[in-house]
Amino acid sequence: MPGVVVAASMLGVLGIGLLVGAFRGRARWLIAPAVVLLVITQAASVVPRIVSDTAGSGVGERRWTPTASAASFELGAGDAVLDLRSLPAGSAVISASVGVGQLRVLVPAGTRVVLVATVELGELALPGSARESGDNLRVERTFEPLGTSTTIPVTTVEVTAQVGLGELEVRRATS
């Protein structure tokens, strides 16, 4: 966190200047830069902690395609796609989280999905439902497979998806 240390040090120097100016006079002009620097220091100290507490590290775009029956994915900030179309038949447990950004989950039509979705602040879009906006959105829902017969074994995927700030979208993949 060197950026926070530098900003806090500069804020300390301005604070000393304001103290000296209180006794010597003519230090009012230091108030405006001190307030701006205070906001910058606070943001620099809070934003990285929110990102890392919510979803670990990493920034950018990711495309996750799990091929094993258990997997976990994390992204600090950015856009991620969790593509479940390559999962083998049977059961799987997958978790994915994005601190700040967008998480899109693609589910094959013939897959049963047991979903636990959480959005701390932002939007949640699920198949067959209206898009929800707000804070502390949490949904537990099961989506049955589409267009399959009862004789074909169905793949069941338990998905835990979380977004700290941003959008979580679950959609059925066409192919």
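These notebook entries record what I looked up in one predicted model.

**Entry 1. Conventions**

I number residues from 1 along each chain as its sequence is written, and I leave hydrogens and water out, since side-chain values use heavy atoms. Because the model is predicted, local features need pLDDT of at least 70 and side-chain atom pairs count only at pLDDT 80 or more, while totals for chains, interfaces and linings use all residues.

**Entry 2. The chain as a whole**

I looked up the secondary structure and found two helices and six strands; these are DSSP runs numbered from the N terminus, with helices being H or I of at least four residues and strands being E of at least two. In sequence order the pattern reads α-α-β-β-β-β-β-β.

I then checked burial (buried is under 20% relative accessible area, exposed over 50%, partly exposed in between, with a 1.4 Å probe and protein chains only). Of the 175 residues in the chain, 37% are buried. The chain exposes about 10,000 Å², and carbon and sulfur atoms supply 60% of that area; the areas come from the Shrake-Rupley method with a 1.4 Å probe, and for residues only the protein chains shown count as cover.

For contacts (heavy atoms within 4.5 Å), I took those with a separation of 6 or more: residues 24 or more positions apart account for 56% of them.

**Entry 3. Strand pairing**

I listed the paired strands, where a pair requires that DSSP finds at least two bridges. Strand β3 (residues 91-108) pairs with strand β6 (residues 155-173) in the parallel sense over 17 bridges. At Pro108, the bridge partner in β6 is Ala173. Strand β4 (residues 111-125) also runs parallel to β6, joined to it by 14 bridges; here Ala125 has Glu169 as its partner in β6. A further 13 bridges join β2 to β3, again in parallel.

I followed one residue across two of these pairings. Val100 in β3 is the bridge partner of Ala77, and the partner of Val100 in β6 is Leu165.

**Entry 4. Nonpolar cores**

I searched for nonpolar cores, that is, sets of buried Ala, Val, Leu, Ile, Met, Phe, Trp, Tyr and Cys residues joined through side-chain atoms within 4.5 Å. The largest holds 29 residues, of which Trp64, Leu82, Leu84, Leu103 and Leu168 touch the most other members. The elements that give two or more residues to this core are β2, β3, β4, β5 (132-143) and β6. Strand β3 gives the most, with seven residues. A second, separate core has six residues, including Ala7, Ala27, Leu30 and Leu37. In general, nonpolar side chains of soluble globular proteins tend to be buried together.

I listed the surroundings of Leu168, not counting residues up to four places away in sequence: among the residues it touches are Leu103, Val105, Ala117, Val119 and Leu124.

**Entry 5. The aromatic pair**

I found one aromatic pair in the structure. Trp64 and Phe73 are stacked, at 5.1 Å centre to centre with 15° between the planes. The rings of Phe, Tyr and Trp (its six-membered ring) pair if their centres lie within 6.5 Å, and planes under 30 degrees apart count as stacked, over 60 as edge-to-face and the rest as tilted. Both Trp64 and Phe73 are buried.

I examined Asp83, which lies in strand β2 (residues 70-83). Asp83 counts as buried because its relative accessible area is 6%. I looked for polar contacts (N or O atoms within 3.5 Å; within protein, one must be able to donate a hydrogen and the other to accept it, and residues adjacent in sequence count only if both atoms are side-chain atoms). The side chain of Asp83 makes one with the side chain of Arg63 at 3.2 Å and another with that of Arg85 at 2.7 Å. Beyond four places in sequence, Asp83 is in contact with Arg63, Trp64, Thr65, Pro66 and Leu106.

Glu167 is placed in strand β6 and is buried, with a relative accessible area of 18%. Its contacts beyond four places in sequence are Gly101, Gln102, Leu103, Glu123 and Arg131.

Thr67 counts as exposed because its relative accessible area is 57%. Its C-alpha atom is separated by 4.8 Å from that of Leu87, 20 residues apart along the chain. Leaving aside neighbours within four places, Thr67 is in contact with Ser86 and Pro88.
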